[in-house]
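Here are my notes for you to read alongside the structure. Keep the viewer open and follow the points in turn.

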Amino acid sequence: MKKNWIEKRIKELSSIGGYQKPEMHPDALKLDSNENYVISKQFQQDLINNAKKNCDVREYPLGGTERLIKQLSKFLKVDSSMIGVGNGSDQILDLILSNLASKQTQVLTSNPTFGFFEERCKLYSIPVTAIPFSRNMTLDIKEFLKLSKNADILYLDSPNNPTGFQFQKDDLQKLVRSFDGLIIIDEAYGEFGEFSLSGMVKSQENLVVVQTLSKSFGLAGLRLGYFIANKKFTDAFNQVLQYPYPISTLAIESAILALEQSTQMENAVQVIKDERKRIIENLRKYDAFEVFDSKANFVLFDAHGSYKRVYDAL
């Protein structure tokens with residue numbers, strides 16, 4: 001065995017940096033993680049209190065994920081054999097990358113994209129080609145079609161974080177149909193967008209659509225993610241890649257109750273969409289701001305020379 005190998009490896013890991021979590025600011029309204037505060041805290045507390053009645057945390061959640069998948073199946077109108085769950089959508093992405101990609105795997109994505117995905121690619125030394133956004137915060141679909149010929153994995157967050165951009169549905173469908181490798185469409189903000197590609201899973205066996213209950217359902221603290229994919233991929237993920245008990249009993253029971261009351265989520269999403277439109281329209285009244293269209297639950301704008309003043313005022 002080589003001497004000092006562990007010290008060398010730790011030094012290598014330390015140089016990567018890792019995903020940077022937002023800073024804590026007590027007694028402040030925190031907006032930097034795009035969490036959902038429209039769904040009331042009282043509703044979520046009632047949800048968890050009712051979930052506790054179905055819990056015995058002395059026991060492992062045997063059969064719990066299967067019950068959650070069954071409820072997701074009803075909500076999504078997708079066969080349960082095509083659904084997998086995880087401890088947040090980021091854990092699902094991590095398991096896919098760590099088991100299906102390598103140093104020889106070419107990943108194609110956008111720049112910027114979800115920071116966690118970028119950092120995990122660095123951690124596993126996976127080569128990434130990232131197509132930059134244009135000056136008006138759009139992506140060139142022709143460039144993606146061109147570069148995808150040399151890629152093994154295509155990853156796109158739709159809508160994109162942090163720009164709010166979402167391809168036209170026809171363009172994204174064309175890209176998916178033309179790509180032979182693994183396609184990961186991250187729809188963490190999908191409920192706020194124009195469309196979902198989950199319906200394409202039945203015809204595209206190489207497509208994995210990742211979603212979450214963090215944003216639209218306001219359950220970020222419970223860490224609940226899921227994906228929709230073909231049965232072969234899902235079986236391999238659930239039976240081999242995923243941990244035996246990836247989600248806590250309380251989280252499972254809370255998620256099931258939330259899905260049963262999905263109208264709360266739908267109403268909150270509509271409020272957010274209406275507010276998004278209002279914010280964009282009002283910001284565009286001021287010459288100081290260049291405001292970009294958003295299909296997510298946040299709005300990106302450029303304050304140019306005034307950005308520091310705006311930041312300090314906020």
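**Notes on the pockets and the sheet**

1. Let's start with what lines the second largest pocket: 13 nonpolar, 15 polar and eleven charged residues. In this count Ala, Val, Leu, Ile, Met, Phe, Trp, Tyr, Cys and Pro are nonpolar, Asp, Glu, Lys and Arg are charged, and the others, Gly among them, are polar. A pocket here is an open set of points on a 1 Å grid over the protein atoms alone, where a 1.4 Å probe fits, with protein on both sides within 12 Å along at least five of seven lines; a lining residue has an atom within 4 Å of a point.

2. Before going on, know that this is a predicted model: local features need pLDDT of at least 70, side-chain atom pairs count only at pLDDT 80 or more, and totals for chains, interfaces and linings use all residues. Residues are numbered from 1 along each chain as its sequence is written, and side-chain values use heavy atoms, with hydrogens and water left out.

3. Back to that second largest pocket, which holds about 1,300 Å³ of space. The volume is the space filled by probe spheres set on the grid points, which are joined across faces, edges and corners. Of its 39 lining residues, S33, E35, K215, A220 and R223 are the closest to the centre. Helix α2 (41-52) gives the largest share of the lining, four residues, while α4 (89-100) and α5 (115-123) each supply at least two. Helices (H or I, at least four residues) and strands (E, at least two) are DSSP runs, numbered from the N terminus.

4. Now for the largest pocket, with about 1,700 Å³ of space. It has 34 lining residues, and K30, L31, D32, N34 and L314 lie nearest its centre. Which element gives the most to this lining? That's α10, with six residues. By type, the lining has 22 nonpolar, five polar and seven charged residues.

5. Next, look at the open sheet: seven strands in the order β1-β7-β6-β5-β4-β2-β3, with mixed pairing. Two strands pair if DSSP finds at least two bridges between them. At the edges sit β1 (83-86) and β3 (128-132), each pairing on one side only. From one strand to the next, the twist averages 20°.

6. Zoom in on β2 (residues 107-111), which pairs with β3 in the parallel sense over five bridges. You'll find T109 opposite A130 in β3.

Terms used:
Axes fitted to C-alpha atoms, helices over the stretch in contact; angles between N-to-C directions.
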